Structures are given as structure tokens and as C-alpha cells.
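Hi everyone, thanks for making time today. Have the sequence and the model open on your screens, and let's walk through them together.

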Amino acid sequence: MKTLMLGNEAVARGLFEAGCGFVSSYPGTPSTEITEAIAKYPEVYAEWAPNEKVAMEAAFGASLSGTRSFCGMKHVGLNVAADPLFTISYTGVNAGMVIGVADDAGMHSSQNEQDSRHYARAAKIPMLEPSDSAEALEFAKLAYDLSEEFDTPVFLKMCTRVAHSQSVVETGERIEVKKTYEKNPQKYIMMPGNAKRRHPVVEERTKKLVAWAEKASINRVEPGEDHKLGIITSSTSYQYVKEVCGDKYPVLKLGMIWPLPDQLLLDFAASVSQLYVVEELDSFIETRCRELGLALVGKDTFPCIDEFSQNLVAQKLGAYEPVCGAKLEDTIPARPPVMCAGCPHRGLYYTLAKNKVTAMGDIGCYTLGAVPPLAALDTTICMGASISGLHGFTKAGGGKAVAVIGDSTFMHSGVTGLINAAYNESNSTVIIVDNSITGMTGHQQNPTTGYNLKGDPCTKIDLESLCKAVGIRRVRVVDPYDLAQCDQALKEEMAADEPSVIISRRPCALLKYVKHNKPLEVDADKCKSCKMCMKIGCPAISMKDGKAVVDNTLCTGCGVCEQLCKFDALHAPKEV
Amino acid sequence: MKTKNIMIVGVGGQGSLLASKLLGKLLLTKGYDVKVSEVHGMSQRGGSVVTYVRFGDKVYSPIIDKGEADYIVSFELLEAARYTEYLKPGGKIVTNTQQINPMPVITGAAEYPADLAKKMADAGIDVDAFDALKLAEEAGSSKAVNIVLMGHLSKNFDFTLEEWMEAIESSVPAKFLELNKKAFALGRDA
């Protein structure tokens, strides 16, 4: 049946059809929907792991047991999972194992623009790269066959534009695959002696994969009328090239981008006068081509920054100059993402800003606390870095400071930082902003919520007990809607001469079960235009003709602005 | 058929994903090759969001670039003005006249430009601006702005009302079906 599917949903469909029976992932844009979609198939066990390393190791264990497995993550998540990755490359698999990784060229929702293809080369693991949903489905299935035939985990590499674009797919039936586990210490125990024997196996495997790639139908030459120019490309760049050139020039479309088919690259290059390599982010295909001695136009012309588009490709190939629509003379104000009206993080951030506290931030919705007018954060690096960074900052004489980290991020990689703070006696305060969900990626459950990926009740990790268990004596909970309580807790904990944890707890205002109060009303006569209510950066409040105005469609009646108004101009609607 | 391009722009949280889902379903049943590109993650949090819908005999790129949009459907006036360069010559903007202040305007760092609909028309842009929020509220929910806009956009296409209704039926939950059918009709008649 023909249907429209998001690239990520198509990956999930491919996993399903290939008989995948075990999925463990950590959410991360643009990879999240793969695992959300696979969770809807009852035949497949699927879970959110606390982080990508755990997910990958769990997927390896499932493969070992004889079940086809998958783990999914965003590009930076692969860094977290890099430790098992390089060694699973040596052990190989039992049943097929596929690693889904999604890059974010253009950084729509990421802290860097890392090119994950380098991991394929570095860890010596084959990588398939679909260019639309149909290929996402097809390549997911193919990845399992390759994984078992060549005894290797296989990467399925997505990018934002393939992951988050819907295109037409044809679905098929599921097959069931089950292998048996047999003890094999030489293959699975990577002590030096065994690992030394496995490394040559890996090198030999890569050679066999090159031979496969030379003849694989997913690496195809699409003929063109004009051999003056020939283009090697893959992924979404392929789509831009075809959009611009159609069938004018020959195109070598690579579906497997590691290992690369050397002879095919050489033959294609020999068939055209001028070779182009069109790829987003780093020179990866280009590097291999240059190692083969090929002259080409690549990153000298095409940027390694930001995502591509058809206009960019057209301009770089000299195909045409785009004719843009009219541009207004007015400056159009930017519309950056903001914390939602009623966001529980807002009251906490106001308290930090008011007290002019140095705050190490982390990864999540609460990173938006860095934006004016709150501007309450000093750093954002990666998952968990707030707590460890805070420890170094205070130990090395940076002065009193705090870390701000979400509940899911804390479970991901904050716990180890907190153990360090307790063990090495950090004199600092960690604030866990617990909104009872993984927010930014679109409301995924995590170990602190009491529900699993399938939505069933499960063991709930108790944050207070956990913090105490790792050696933090001062642990307290505040309601971020209560500004006085937040202020008092912050001052007391920062004054303490030992590490402490404040849990700022209130569920995300967008959760379906969260009941909102009626929108606040403004008493215009009492409003003195002092703009105190504007200091919290709430999208529901603005000034009109010198008076505060509340947007009824947005306000959740959280009451944080009400606490800031010295003139009692903001209040809940009076009962009639 | 040469690929047609519809851009749907608005503010994160306004419901543009449902509009693109509806269009995608309709266009697929009409036998076109279709690509719909969405924005997920951080930008969704009250930021400027763009969805691309492309259809034709064979669609390659999932995105719409500057100078390519046949239609820009905007949920908010400032967002319509932000993307005028994406219109192709002869393209058309269908926009809600609702204004939602972005944070730089709320904090006073920037001003919301006045008379944007008129300025767009003065710049030679074919702009169809109307109060979709009012019609959505009339239909029963301010959240139905997306379907009101689809109703208004539908006037530019040859698809039958039945075909649109089938797409709505397969895109919205049953309990909101009547509300959305009404919203669509109000948009189409406006």
C-alpha cells in the first residue's frame, strides 16, 4: 500500500518488516520519532534507555541473544555511545544490529553540527544513508541483511531533512528472524588477546564490504546527457542535485557511504570531464576521492557549514540564479523559540536572574532560560555538563554558582557528575528542574516519570532518594511557581558549606493531565506601567498603550507575574 | 506536471502540522508524488515554524527555496511578511490577520511593523488577508485556525469539496470532525 510517511516512521516500518524485536533508544531531535513509531508495533519490544550508551549496549545484548535489534540517537548521542561502538565493531553481532543516528545540519535543534559519518570510518562500521522515506524503509531492512552477512553492526544515518520529511513509501510484510546464542569467548570477550585476533577480522570485513559496495544496487550511476560534468552525492544533497539538474549530468548516487566503492568512484570520475562531490557538512566522500587521486570540485566550492538547498546547489553549479519574491522594507523582528506560557522553569529562572547567580546550563527546554529577558544561564555544552562543569568552576575558585539540569538529562548523565560533587566535596548547588517529562523532544517518558515508552506504569526512580544515596545530605524540593520559596531555598543552599540539591518540581504545562487556571486579568487602573511583569519573558504578557495586557489564549494562570506586581494589578478573575 | 509548492508558516504551537498532514493526504489520493517537510524540536516552542508541501509528477527536494512558493499560507501576519522572498513570480499569500508578538517585541527590543497586509500588497504581492481566528472561534475553537486557512486555500484549487472533506475525515479525531468541517466551510466561504 502506498502511503506518506515521515522518514523516521519509514525507518521504524523497515525495522518492523525486517523482524526487529528489540529497540532501545534515547530521544534526540531529529531521531526521536523512529522509536516512538516502532513502539506502536506490538511485535517489537521498545524502550527509552536513560542514555545512548545504555541503549547501544542493550541493543548489543539483544543481538547476542539472537534477536534483531536497533538503537536510535541523534548525532551528539553517538558521542555518548562511542565507547561500546568501537568494540562492538570488533565483536560483531549474532542477530543483526542496526544503529540509527540522525545528524542535524543547520542545527535546527542541536548544540553543534557534527558530521557523524566520521564515526563509520573511525569505528570501521558500514553506514547506509537514505535520501527519502522509501529508501529509509528499504535501507533499514537491507541493514539487517548486511549486519548478519558481514557480522557487523550497521549504521543507518539520517539527517533532519530525511528524518522529518514525509514522502511516499510502499509497505510490506514482516518476517520473523530468531537465532540462538552460543557461547564464544574469543568473539565476545574483548580482552587484549582476543581483541588482537578480532582486529584483523574487522579489516578483512571492510575489504569484503568494499567489494559488496562496488556492485550494490544502492550505489548507482544515473546516466546524464552531458558528461562535461558528473556529480557524486548522497542523502538529501542527492535530492537537491536532481531538483536542479534533472537528468542533465550523470550522477553517482551513494546509498552506502562507508566503506566507499573505490573502483566505482574511479570509473565514474573517468567517465566525466569535471567531477563534483556534493555533500553536506564535512568533506567525507571527497576525502576518499582525493585519497584515490581524483581531482574534483568539492568543499572548495560547497560550504561545510549549514544545510544545503536547491538554490545553493544551483548557484554553485552555475545552473541558474534564483528569482526571489519581493522583500518588504520593514525590519521583520526575529521570532526565536521561547519558554511556553505557564512553563514551570520560568519562576526558577527569574529567581536565578534576580540573585545574579552564575548558572551552568544543560540540554533541554530549560536551555531557553538563556534568552533575554531572563538571560539566567552562563554555559550550555552537552548532556550532564552543567553539574561536572559547576564542580570544576567552584573547586578552581570561580566562586559560588549553581547547575541547572532537567529530570531526564539528570538521569542521562547528571548522576555521575553529582557523585563526583559528593565524593570530591564540591561546595555547590545543583538544581534539578523536574517537569516530570522529557520536554524538548516532545514529551517522552523517562526513569523519573513512572511510565515507560509504551505508556504503561513502571518503576519510578525517586530523585530525592537517589541524590541522598550518592552522598548529598542537603536535598530539598521547591515549587517553581512560588517565587518566595525559590528565593529562600536558593539563598540558603548557596550559603551552605557543602554540596546541595534543589529539586524544582512542577509538571510541564503542556502535559495533557496538567490543569490550567483561568487566565489572569489586568486591572488597568492599578497598572503603573512599571514592567516588572515583563521581566519573566512570558509570551502571554505584553504592553499595550502603557498597560500590561494578558493574552487569554496563552495564559495558564500560573500566577508568577502576579507575585511580581507590586500594585496588585494582575490577579485571577474574581468569582461571580 | 511541474512541481507545485505550498509553504505553511506560523508560530510554533499553532497547528501547522495538521494542515500539512491534511494536504499531504489529499494530494496523495489525487495520485501525485508528494513531499512534506516539517520542523520538530526546539523551534516548535513558540518560534517561527515552516512546513513545506510539494507535489507533482516527481518531487526531489523536500524543501521550498526562495522564489519557489506558489502559495504561502500563513497563520500569523508577521510570519507572512517574513517569508515574502520565498514567493515565486505570480505566487500568492493567504494569511490570517492575527498578530502574535514575538519575544523581541514583547521585551521592547523591536517593534511589530504596522499595516503589513497593505505593505505586502503595495510591494506587488498577491495577498489574501482575512481574520481566520474569528472564523475559527465561530466554528467553535480558536485551535481550528489551521482548518479555516485550508478552507480558504482550497478556493485556489480544483479539488472537489468531497475530496477535501475526505482528507479532513482521515486527519482529525472523530470528536472534532464536525467542528473542523464547519471551520473548513467558513474558510472556504470567506
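Let me begin with a term: a salt bridge here is a side-chain nitrogen of Lys or Arg within 4 Å of a carboxyl oxygen of Asp or Glu. By that rule the structure holds 47 salt bridges over all chains. Please keep in mind that this is a predicted model, where local features need pLDDT of at least 70, side-chain atom pairs count only at pLDDT 80 or more, and totals for chains, interfaces and linings use all residues. As for bookkeeping, residues are numbered from 1 along each chain as its sequence is written, chains are lettered from A and ligands numbered from 1 in the order in which they are written, and side-chain values use heavy atoms, with hydrogens and water left out.

A:Arg476 pairs with A:Glu492, and their closest N and O atoms are 2.7 Å apart. A:Arg476 sits in strand S17 (residues 474-478) of chain A and A:Glu492 in helix H19 (residues 483-495) of chain A, so the pair ties together parts that are 16 residues apart in sequence. When I say helix or strand, I mean DSSP runs, numbered from the N terminus: helices are H or I with at least four residues, strands are E with at least two.

Now to the place where the two chains meet. How many residues does each chain bring to the contact? Chain A gives 59 residues and chain B gives 54 residues, with contact meaning heavy atoms within 4.5 Å. The area buried between them is about 4600 Å², and carbon and sulfur atoms give 59% of that. Buried area, by the way, is the accessible area (1.4 Å probe) that two parts lose on being put together, summed over both. On the chain A side, A:Leu328, A:Pro333 and A:Arg335 supply 17% of the area that chain A buries against chain B, more than any other three residues.

In one of them, A:Glu243 reaches B:Arg54, with the closest N and O atoms 2.9 Å apart.

Which elements of chain A give two or more residues to the side that touches chain B? They are strand S1 (2-6), strand S8 (165-170), helix H11 (235-245), helix H14 (310-317) and strand S20 (541-544). H11(A) has the largest share, six residues.

Eight strands form an open sheet in the order S1(A)-S8(A)-S2(B)-S3(B)-S1(B)-S4(B)-S5(B)-S6(B), with mixed pairing. Two strands pair if DSSP finds at least two bridges between them. S1 of chain A and strand S6 (126-130) of chain B stand at the edges, each with a single partner strand, so one side of each is left without a neighbour in the sheet.

Where do the chains join in this sheet? S8(A) and strand S2 (residues 33-37) of chain B pair in the antiparallel sense over three bridges, and A:Gln166 stands opposite B:Val36 there. Next along, S2(B) pairs with strand S3 (residues 48-56) of chain B, antiparallel over five bridges, where B:Ser37 has B:Tyr52 as its bridge partner.

Chain A also has a sheet to itself. Four strands form an open sheet in the order S9-S11-S10-S13 with mixed pairing. Four bridges join S9(A) to strand S11 (residues 251-254) of chain A, which run antiparallel, and A:Val221 has A:Leu252 as its bridge partner in S11(A).

Finally, some backbone details. The peptide bond from A:Thr29 to A:Pro30 is cis, with omega near 10°, and A:Pro30 lies in the loop between strand S2 (22-25) and helix H2 (32-38) of chain A. Another cis bond runs from A:Trp258 to A:Pro259, with omega near -10°. A:His443 has a positive phi of about 70° although it is not a glycine; look for A:His443 in the loop between strand S16 (429-434) and helix H18 (463-469) of chain A.
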